[in-house]
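Subject: Structure handover

Hello,

Please find the structure below, followed by notes on what was found in it.

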Amino acid sequence: MRAIMVACCIMAMALPGAAQWNGADAALERQAEMKSADDALGIIKRAVETGADVETAGLYARAIADWARKMPTLFPRNTGRSDGLKTAALAEIWSQPDEFNRRLARLMNEAAILAQALRGNDRSAIAAAYAETADACRSCHGKFRADF
Ligand code: HEC
């Protein structure tokens, strides 16, 4: 049941119009969506480790890839830490947009590869794709998210 709720949240993520949100709302929304992505990744991780519910995990991986594509709408300008908002988003997101977009595109690609791998039964390919996907999340955080 919880798994289904997470899927719904991810599907509803980053609707067009998000760019019109005020800064505080945008920050709250992206934080909530990041948490949902984390839940989804946790569900995938269990499937990778146990070999169970692999089909569901594939749907989550697909949802993460789609979400990554829409992620820019979650980061409207002037919604960073230096704008006085309660957020871990660093100013480099907006001063180095190419780099930010590269990391975002990497998540999109890795999650799509993971979704594809989960449709087959090559456990080592699945594990490798999972590791790359998790690393794509970490690599963006390492550069663009403040360490509280
Ligand atoms: C392109 C950059 C980028 C990618 C890729 C990315 N994140 Fe994030 N993430 C951020 C930023 C920036 C924040 C800080 C957001 C804020 O505080 O407003 C964040 C915050 C978070 C948070 C903390 C949310 C909170 O409670 O405030 C979690 C959890 C998280 N991300 C999980 C993930 C997971 C899981 C993935 C991969 C599936 C991922 N992120 C991919 C940039 C990224």
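Helix 2 gives the largest share of the shell around the ligand, eight residues. Helices here are DSSP runs of H or I with at least four residues, strands are runs of E with at least two, and both are numbered from the N terminus.

Two points on how to read this. The model is predicted, so local features need pLDDT of at least 70 and side-chain atom pairs count only at pLDDT 80 or more, while totals for chains, interfaces and linings use all residues. Residues are numbered from 1 along each chain as its sequence is written.

The ligand

There are 22 residues around the ligand, and Gln31, Met34, Thr87, Cys137 and Cys140 come nearest. The elements that give two or more residues to this shell are helix 2 (23-50), helix 5 (97-117) and helix 6 (123-144). A residue is near a molecule or strand if its C-beta atom, placed from the backbone, lies within 6 Å of it. By type, the shell has 14 nonpolar residues, three polar and five charged. For this count, Ala, Val, Leu, Ile, Met, Phe, Trp, Tyr, Cys and Pro are nonpolar, Asp, Glu, Lys and Arg are charged, and the others, Gly among them, are polar.

The chain as a whole

The protein chain has six helices and zero strands. Read from the N terminus, its elements run α-α-α-α-α-α. Of its 148 residues, 34% are buried. Buried means that 20 or more other C-beta atoms lie within 10 Å of the residue's own, exposed means 12 or fewer, and partly exposed is in between, with C-beta atoms placed from the backbone.

Helix 2 has 28 residues, which at 1.5 Å a residue should span 40 Å, and its end C-alpha atoms are 41 Å apart, in agreement. The expected span is 1.5 Å times one less than the number of residues. The buried residues in helix 2 are Ala26, Ala27, Arg30, Glu33, Ser36, Ala37, Ala40, Ile44, Ala47 and Val48. After helix 2 comes Gly51, with a positive phi near 80°.

Helix 2 packs with helix 3 (residues 54-70) at an angle of about 150°, their axes 9 Å apart. That makes the two helices roughly antiparallel, and their crossing is left-handed. Axes are lines fitted to C-alpha atoms, for helices over the stretch in contact, and angles run from 0 to 180 degrees between N-to-C directions. Angles under 35 degrees count as roughly parallel, over 145 as roughly antiparallel, 65 to 115 as roughly perpendicular and the rest as oblique. A crossing is left-handed if the near helix is turned anticlockwise from the far one by less than a right angle, and right-handed if clockwise.

Helix 2 also packs with helix 6, at about 155° and with axes 10 Å apart. These two are therefore roughly antiparallel, and they cross in a left-handed way. Helix 3 and helix 5 have an angle of about 160° between them and axes 8 Å apart. That pair is therefore roughly antiparallel, with a left-handed crossing.

Ile113 lies in helix 5 and counts as partly exposed because it has 18 C-beta neighbours inside 10 Å.

Ala136 belongs to helix 6 and is buried, with 22 other C-beta atoms within 10 Å. Ala136 and Glu110 are 26 residues apart in sequence, and their C-alpha atoms are 7.4 Å apart.

Ala89 sits in the loop between helix 3 and helix 4 (92-95). It is buried because it has 22 C-beta neighbours inside 10 Å. Ala89 and Ala146 are 57 residues apart along the chain, with 6.4 Å between their C-alpha atoms.

Asp53, in the loop between helix 2 and helix 3, has a positive phi near 55°. Asp53 is partly exposed, with 16 other C-beta atoms within 10 Å. Asn78, in the loop between helix 3 and helix 4, is not a glycine but has a positive phi of about 60°. Asn78 counts as exposed, with 12 C-beta neighbours inside 10 Å.

Regards
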